[in-house]
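Dear colleague,

Please find below the structure that I am handing over to you, with its sequence.

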Amino acid sequence: MTTSSSERGVSLGMPELPAPAYPDDVRARLEADAREIIARYPDSRSALLPLLHLVQSEEGHVTRTGMQFCADMLNLTTAEVTAVATFYTMYRRGPSGDYQVGVCTNTLCAVMGGDAIFETLQEHLGVGNGETTDDGKVTLEHIECNAACDFAPVVMVNWEFFDNQTPGSAKRLVDDLRAGRPVQPTRGARLCTFKETARILAGFPDERPGAVEEGGSAGPASLVGLRLARGETAPARVVHPRGGPQGERQDRVHEPSPAEHLSSHDAPQETSASDPAHPAGPTAEEGE
């Protein structure tokens, strides 16, 4: 004897309706951009990643309509597009804020204070992981390694770096974002919205005056190994031990330059290289 699905308490439900189409004017504009992207590749399906960024720049996340559009432009199935869109965390599956604030909670950043920063921001903003503030400005999430361990703990906003953070500096950062005040990353151009960032990641130029020139690179701490490999040497940096004499070596105490912290939202590093009272005592430049 067999039982029906209704008798077993299983509801198969109605099939999902097709995704709604973009308005004609929006689709025409996106098609022109998509054709420009597709023309860059010998195999059209290679354009899927930038096309997903393109549709994300339209609505702030990858919608069913956006995935159908990508499938149509590349002659793929929606299943093929969905498999890619759901694999990469850079593609948002639901509405999110103008600023994606990601706190690194991987091992090094976590022990250096990343966990404390994330907990502080959750309480300060009143949101949980992956949630957005009521004003639609900030989406908070914890993320895996940002490949910036030299500057732990690190916070990223729309994929731009904010180094050496503390709970206090991170709170100031999100407050400035919500208030619309200018925010300058540590190593990169001034921030733009998540939609604008998505369009740049789709391969279109950043049209803001001076933004390209503001783009940064690896920080000084990340380049030490490269300099040593090239045989380059740097002036000695000696910090006097706590309470020690400051006589003839005083002229060699390291004074951090403005280039070492390019963002006003970076927290100062209280390390043996920057704080004479640090318990680690004197340090010298690597390779001496």
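Phe-87 is exposed, with a relative accessible area of 62%; here exposed means over 50% relative accessible area, buried means under 20%, and partly exposed covers what lies in between, with a 1.4 Å probe and protein chains only. Please keep in mind that this is a predicted model, in which local features need a pLDDT of at least 70 and side-chain atom pairs count only at pLDDT 80 or more, whereas totals for chains, interfaces and linings use all residues. Residues are numbered from 1 along each chain as its sequence is written, and side-chain values use heavy atoms, with hydrogens and water left out.

Phe-87 belongs, together with Leu-49 and Tyr-88, to a nonpolar surface patch whose accessible area comes to about 310 Å² in total. Such a patch is made of residues with over 30% relative accessible area and no salt bridge, in which nonpolar side chains (Val, Leu, Ile, Met, Phe, Trp, Tyr) are joined within 5 Å and like charges within 9 Å; a salt bridge is a side-chain nitrogen of Lys or Arg within 4 Å of a carboxyl oxygen of Asp or Glu. The areas themselves come from the Shrake-Rupley method with a 1.4 Å probe, and for residues only the protein chains shown count as cover. Tyr-88 is located in the loop that runs between α4 (78–85) and β1 (99–104), and is partly exposed at a relative accessible area of 33%.

The rings in this region also pair with one another. Rings of Phe, Tyr and Trp (its six-membered ring) are paired if their centres lie within 6.5 Å, and the planes are called stacked under 30 degrees apart, edge-to-face over 60 and tilted for the rest. By this rule there are three aromatic pairs. Tyr-91 is buried, with a relative accessible area of 4%, and Phe-87, Tyr-88 and Tyr-91 form one aromatic cluster.

Tyr-91 is also among the contacts of Gln-56, where contact means heavy atoms within 4.5 Å. Leaving aside residues up to four places away in sequence, Gln-56 touches His-61, Val-62, Met-90, Tyr-91, Arg-92, Phe-194, Lys-195 and Ala-198. Gln-56 lies in helix α2 (residues 48–59) and counts as buried at 1% relative accessibility.

Ala-152 and Pro-153 are joined by a cis peptide bond with omega of about -5°, and Pro-153 is in the loop between β3 (138–143) and β4 (155–157). Asn-75, although not a glycine, has a positive phi of about 55°; Asn-75 is in the loop between α3 (64–74) and α4 and is exposed, with a relative accessible area of 73%. Asn-164 likewise has a positive phi, near 50°, but this residue, in the loop between β5 (160–162) and α6 (167–179), counts as buried at 7% relative accessibility.

For the chain as a whole, the model has nine helices and five strands, taken as DSSP runs numbered from the N terminus (helices H or I of at least four residues, strands E of at least two). Their order from the N terminus is α-α-α-α-β-α-β-β-β-β-α-α-α-α. Of the 288 residues, 37% count as buried, and the chain exposes about 16100 Å², of which carbon and sulfur atoms supply 53%. Among contacts between residues at least 6 apart in sequence, 65% join residues at least 24 apart.

With kind regards
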